[in-house]
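Dear colleague,

Here is the structure you were waiting for. Please look through it first; my notes on what was found follow below.

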Amino acid sequence: MNLQATLFDLSKMPHDDVLDITEARLGLTLDRAAGHYSALNGTAGFPTGAGTWVRLAWHRPAEVNAEALTGLEAALNLDQVPRPMWRSAATWHDHDREVVWRADEMTRVTDPAVSGTGSITTDPDLPDTWWTDLQAASKTLATYQTQRVCMTQEHLSRRIAEMYGNELDTTITDWATVHGDLGWANVCGPTLTLIDWESWGRGPAALDAATLWTASLQVPSLAAKVLEVFDELLSTRTGRLVRLMQCANVARAFNRTGRKGPLTDIMAAIASELLSELT
């Protein structure tokens with residue numbers, strides 16, 4: 001068994017010792033039978049006997065990112081943005097697995113994530129109030145000042161140039177504070193809550209809208225709804241550049257693996273349109 005491979009889905013590896021340490025350090029009892037596991041990034045979540053929620057994640061020591069580790073408590077100041085409230089944390093080094101574990105306790109969200117996996121193939125039929133609240137939350141979040149960095153100009157320019165060349169001016173002129181990972185696994189409904197705040201910080205103003213749009217492309221009506229709700233951001237040059245970067249990410253994955261994903265052809269066509277609009 002490849003240890004690092006199984007760590008990406010904790011449900012497939014023995015980890016009672018990790019949960020024992022989590023309970024001891026946080027002073028909580030986890031409902032282990034009701035745990036939710038991600039098969040993608042090695043995270044897990046558990047309701048507790050105190051009515052709260054614990055998120056468990058691991059990091060390789062050489063890749064520990066202080067901003068990612070402290071995203072939840074750093075978000076305590078984001079008043080009027082609907083999110084879980086952070087309460088406590090425990091961090092420790094697991095010598096045997098060669099990882100650093102982080103367990104965060106937070107208030108429990110009542111409504112589930114729109115998609116437990118992040119993938120979405122049917123319209124979730126969210127109420128208009130949900131979209132209005134999401135738009136308002138994004139505008140409120142954008143105004144907060146922070147030293148945290150979600151995405152740099154260098155990163156965006158490098159990704160676009162890698163796939164589409166260096167001739168395009170990729171300068172971002174509109175910057176804001178963003179969530180940084182606004183996919184369907186990180187938004188709850190029908191009452192809006194934004195979860196997983198590890199990546200938040202300053203970035204291109206349209207980043208969250210473009211991320212949600214990308215995650216919606218398998219459902220054309222849903223992608224069109226995102227474009228409508230966030231037209232003020234996505235119709236700008238910054239919005240087009242960020243969407244082009246999302247296209248580049250998909251094309252890059254195809255070039256690296258040789259395997260087409262559900263968005264490979266869709267985003268190749270969109271990239272051609274965006275390049276025409278941007279030049």
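**Salt bridges**

The count of salt bridges comes to 15. Please keep in mind that this is a predicted model.

In one of them, the side chains of Asp 20 and Arg 32 meet with 2.7 Å from N to O. Asp 20 is partly exposed, at 41% relative accessibility. Arg 32 is also partly exposed, with a relative accessible area of 28%. The pair belongs to a network of salt bridges that links Asp 16, Asp 20, Glu 23 and Arg 32.

Another pair is Arg 60 with Glu 63, whose side chains meet at 3.8 Å, N to O. Arg 60 counts as partly exposed, with a relative accessible area of 25%, while Glu 63 is exposed, at 55%.

The pair Glu 154 and Arg 158 has an N to O distance of 3.9 Å. Both residues are in helix α6, four residues apart, which puts about one helical turn between them. Glu 154 is exposed, with a relative accessibility of 58%, and Arg 158 is partly exposed, at 43%.

**Helix α6**

The helix that holds this last pair, α6, runs over residues 153-164. Its 12 residues reach 16 Å from the first C-alpha to the last, close to the 16 Å expected at 1.5 Å a residue. Which residues of α6 are buried? They are Leu 156, Ser 157, Arg 159 and Ile 160. Seen down the helix axis, the buried residues of α6 fall within an arc of 165 degrees, so they line one face of the helix. Just after α6 comes Gly 165, which takes a positive phi of about 90 degrees.

**Nonpolar cores**

The largest nonpolar core has 52 residues. Within this core, the residues with the most contacts are Trp 131, Leu 134, Trp 184 and Trp 197. Two or more residues each are given to it by α5 (128-142), α6, α7 (207-215), α8 (220-229), α10 and α11 (264-278). The largest share, six residues, comes from α10.

Leaving aside residues up to four places away in sequence, Leu 134 touches Leu 182, Leu 192, Leu 194, Leu 212 and Phe 230. Another core, of 18 residues, lies apart from the largest one. Its members include Ala 44, Leu 56, Trp 92 and Ala 103.

**Gln 246**

Is Gln 246 buried or exposed? Its relative accessibility is 10%, so Gln 246 counts as buried, the cut-off being under 20%. Not counting residues up to four places away in sequence, Gln 246 touches Leu 207, Ala 210, Thr 211, Thr 214 and Met 267.

Regards

Conventions: Residues numbered from 1 in each chain as written. Predicted model: local features only at pLDDT ≥ 70, side-chain atom pairs only at ≥ 80, totals over all residues. Heavy atoms only, no water. Expected span 1.5 Å × (residues − 1). Buried < 20%, exposed > 50% of the residue type's maximum accessible area, 1.4 Å probe, protein only. Arc of directions from axis to C-beta. Salt bridge = Lys/Arg side-chain N within 4 Å of Asp/Glu carboxyl O. Core = buried A, V, L, I, M, F, W, Y, C linked by side-chain atoms within 4.5 Å. Contact = heavy atoms within 4.5 Å.
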